[in-house]
Amino acid sequence: MLDRYVTRSQGESEYVGMEIGKTLQRGSIVCLDGCLGAGKTCITRGIAHVLGVEETITSPTYTIINEYSGIYPFYHIDVYRLGGCSDFEEIGGNDILFCGGICVVEWSYKINLLIPENALHVDITINEDYSRTIDIRS
């Protein structure tokens with residue numbers, strides 16, 4: 001399945017995240033990939049909103065993993081600063097991926113070997129006019 005959206009604002013990207021969030025269930029993993037500034041955290045904010053997270057969602061670039069309370073435990077993971085799968089495993093990342101909450105993983109390609117086949121993949125591209133093309137595949 002492939003869905004494609006073109007967004008022209010942060011609000012529109014958050015709306016796409018809300019649409020994604022409506023499809024998730026306990027144990028879901030969402031993989032977000034795109035260059036710096038593409039809107040990965042905007043999409044995460046939309047997902048979190050639909051799942052009842054009331055806290056402000058910020059990028060966990062330096063903390064690696066932010067945990068929030070909502071309908072389910074919600075984990076926002078950013079593996080940008082990690083060297084790959086072994087670094088992720090060393091910090092207990094596998095335990096979080098498979099804990100039964102909802103996990104959103106930014107820069108997921110860096111740990112692709114650890115991502116299960118049933119994960120939802122979201123690829124974001126910045127277009128020449130600064131709009132975003134968001135491709136969603138399961």
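Student: Is Glu19 buried, partly exposed or exposed?
Tutor: Happy to start there, and keep in mind that this is a predicted model. Buried means under 20% relative accessible area and exposed means over 50%. Glu19 has a relative accessible area of 24%, so by these cut-offs Glu19 is partly exposed.

Student: Which residue forms a salt bridge with Glu19?
Tutor: Look along helix 1, which covers residues 10-22. The closest N and O atoms of the pair are 2.9 Å apart, and the partner is Lys22.

Student: And is Lys22 buried or exposed?
Tutor: The cut-off for exposed is over 50% relative accessible area. Lys22 has 55% relative accessibility, so Lys22 counts as exposed.

Student: How many salt bridges are there by this rule?
Tutor: Side chains of opposite charge can pair when their charged atoms come close. The rule asks for a side-chain nitrogen of Lys or Arg within 4 Å of a carboxyl oxygen of Asp or Glu. Counted this way, the number of salt bridges is four.

Student: Which residue forms a salt bridge with Asp135?
Tutor: In this pair the closest N and O atoms are 2.5 Å apart, and the partner of Asp135 is Arg4. The pair links distant parts of the chain, 131 residues apart: Asp135 belongs to strand 7 (residues 132-137) and Arg4 to strand 1 (residues 2-7). Asp135 is buried, with a relative accessible area of 15%, whereas Arg4 is exposed at 56%. The residue you asked for is Arg4.

Student: How far apart are the closest N and O atoms of Arg137 and Asp123?
Tutor: These two residues form a salt bridge. Arg137 lies in strand 7 and Asp123 in strand 6 (residues 120-126), 14 residues apart. Arg137 is partly exposed at 37% relative accessible area, and Asp123 is partly exposed at 26%. The closest N and O atoms of Arg137 and Asp123 are 3.6 Å apart.

Student: Now for helix 2: how many of its residues are buried?
Tutor: Helix 2 spans residues 40-50 and is mostly covered. Its buried residues include Cys42, Ile43 and Ile47, and the buried residues pack against helix 1 and several strands, among them strand 4 (74-78) and strand 5 (102-106). Of the 11 residues in helix 2, the number buried is eight.

Student: How many residues of the contact between helix 1 and helix 2 are charged?
Tutor: Residues of helix 1 such as Glu14, Gly17 and Met18 meet residues of helix 2 including Arg45, Gly46 and Ile47. The contact has six nonpolar and six polar residues, and the number of charged ones is three.

Student: Last one: is Ser108 buried or exposed?
Tutor: Ser108 sits in the loop between strand 5 and strand 6. Among the residues Ser108 touches are Cys31, Leu32 and Ile115. With 1% relative accessibility, Ser108 counts as buried.

Definitions and conventions:
Residues are numbered from 1 along each chain as its sequence is written. This is a predicted model: local features need pLDDT of at least 70, side-chain atom pairs count only at pLDDT 80 or more; totals for chains, interfaces and linings use all residues. Side-chain values use heavy atoms; hydrogens and water are left out. Helices (H or I, at least four residues) and strands (E, at least two) are DSSP runs, numbered from the N terminus. Buried means under 20% relative accessible area, exposed over 50%, partly exposed in between (1.4 Å probe, protein chains only). Contact means heavy atoms within 4.5 Å. Ala, Val, Leu, Ile, Met, Phe, Trp, Tyr, Cys and Pro count as nonpolar, Asp, Glu, Lys and Arg as charged, and the others, Gly among them, as polar. Lists of a residue's contacts leave out its neighbours within four places in sequence.
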